[in-house]
Amino acid sequence: MRVGFIGLGIMGAPMAENLVRAGHEVTAWSRTPRPLAGARIAASIDGVYAENGIVVLMLRDEAAVDAVLGRGTAAFAPRVAGTITVQMGTFTPAYSRALADEVHAAGGVYVEAPVSGSRGPAAEGTLVAMLAGPDEALDEVAPVIDAMCAQRFVCGEVPAALGMKLAVNTFLITMVTGLAEAFHFAAATGADPEVLRRVLDAGPMASAVSRGKAAKILDGDFTAQAAIADVLKNAELVEGAAAAAGIPHPLIAVCRALFADAATDHPDDDMVAVIHAIARQN
């Protein structure tokens, strides 16, 4: 299939590479120009949209999506008309719902496809996709999603996929924060952190995330898979969505404060670097 891909960042680049490896004909564009083996780099965003019936967006924030699409300008409607725009970033449900309405009014089709996973799963093609949008469009984009993700789940109408992603992020953020606090507690109370790792790995709470993050803590390896600044953004999205729904979200409120603290001096480190903010609570 011919696929456009916009956004070659920490997640986007390996995802686009997996599209190429799966045999898709990829035309890519990024605000920061960079090569992508096996893909054609377009000279402009309009070039990506003009040449492809499906365009994937993997961009950092809502402002970047608005800028790329030309939202609010005369460029928007002709850019998205007749094309399926697959939005794979994590933003507020309200933003996604409004964007879907505008794309539809312009004669285009909008699919939500946020993913669960970080840089490692993006490179391995083992991301988990959550999808929302018209059934026909979901069927059409399925081979594209399958080239980047190990599993996909249909969540309903927009913005159900982003609601699902924020629920998943609630669990991820609170779990990793709890794991970091457990290792800080062990070290402070004389328990051997290496033995703690083995106990956790042997027990029912073990997961790929707990194993990977525990290893990073023990090795002092804070190279980002999911950076503190990005996790802070996601915690703020979850907290904002909870407020909009009129529900309490107490654990995320605590985690958001800790990640905000960690972001003051470790914004580009992996999310397990929140352990530094936990240590400062003494």
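Trainee: Which residue forms a salt bridge with Glu239?
Mentor: Glu239 pairs with Arg256, and their closest N and O atoms are 2.7 Å apart. Here, Glu239 belongs to helix α11 (residues 228-245) and Arg256 to helix α12 (residues 250-262), so the pair ties together parts that are 17 residues apart in sequence. A salt bridge is a side-chain nitrogen of Lys or Arg within 4 Å of a carboxyl oxygen of Asp or Glu. Helices are DSSP runs (H or I, at least four residues), numbered from the N terminus.

Trainee: What kind of model is this, and how are residues numbered?
Mentor: This is a predicted model, in which local features need pLDDT of at least 70 and side-chain atom pairs count only at pLDDT 80 or more, while totals for chains, interfaces and linings use all residues. Residues are numbered from 1 along each chain as its sequence is written, and side-chain values use heavy atoms, with hydrogens and water left out.

Trainee: Back to that pair: how does Glu239 count in terms of accessibility?
Mentor: Glu239 counts as partly exposed because its relative accessibility is 22%. Arg256, at 26%, also counts as partly exposed. Buried means under 20% relative accessible area, exposed over 50%, and partly exposed in between (1.4 Å probe, protein chains only).

Trainee: How many salt bridges does the structure hold?
Mentor: The structure holds 15 salt bridges. One of them joins the side chains of Asp265 and Arg280 (3.1 Å, N to O). Asp265 lies in the loop between α12 and α13 (274-279) and Arg280 in the segment after α13, so this pair ties together parts that are 15 residues apart in sequence. Asp265 is partly exposed, with a relative accessible area of 40%, and Arg280 is partly exposed at 37%.

Trainee: Which residues are linked in a network of salt bridges?
Mentor: Glu194, Arg197, Arg198 and Asp201 form such a network. Within it, Arg197 bridges to Asp201, with the closest N and O atoms 3.0 Å apart. Both residues sit in helix α9 (residues 193-202), four residues apart, about one turn of the helix.

Trainee: And Arg197 itself, how does it count?
Mentor: Arg197 is partly exposed, at 23% relative accessibility.

Trainee: Changing topic, which residues form a negative surface patch?
Mentor: The patch consists of Asp135, Glu136, Asp139, Glu140 and Glu157. Patches are made of residues with over 30% relative accessible area and no salt bridge, like charges being joined within 9 Å. Glu136 lies in helix α7 (residues 135-148) and counts as exposed because its relative accessibility is 62%.

Terms used:
Patch = residues over 30% accessible without salt bridge, like charges linked within 9 Å, V, L, I, M, F, W, Y side chains within 5 Å. Areas by Shrake-Rupley, 256 points an atom, 1.4 Å probe, with all protein chains shown as cover. Lys, Arg positive; Asp, Glu negative; His and termini not counted. Charge placed at Lys NZ, Arg CZ, Asp CG, Glu CD. Helix = DSSP H or I, 4+ residues; strand = E, 2+ residues; numbered from the N terminus.
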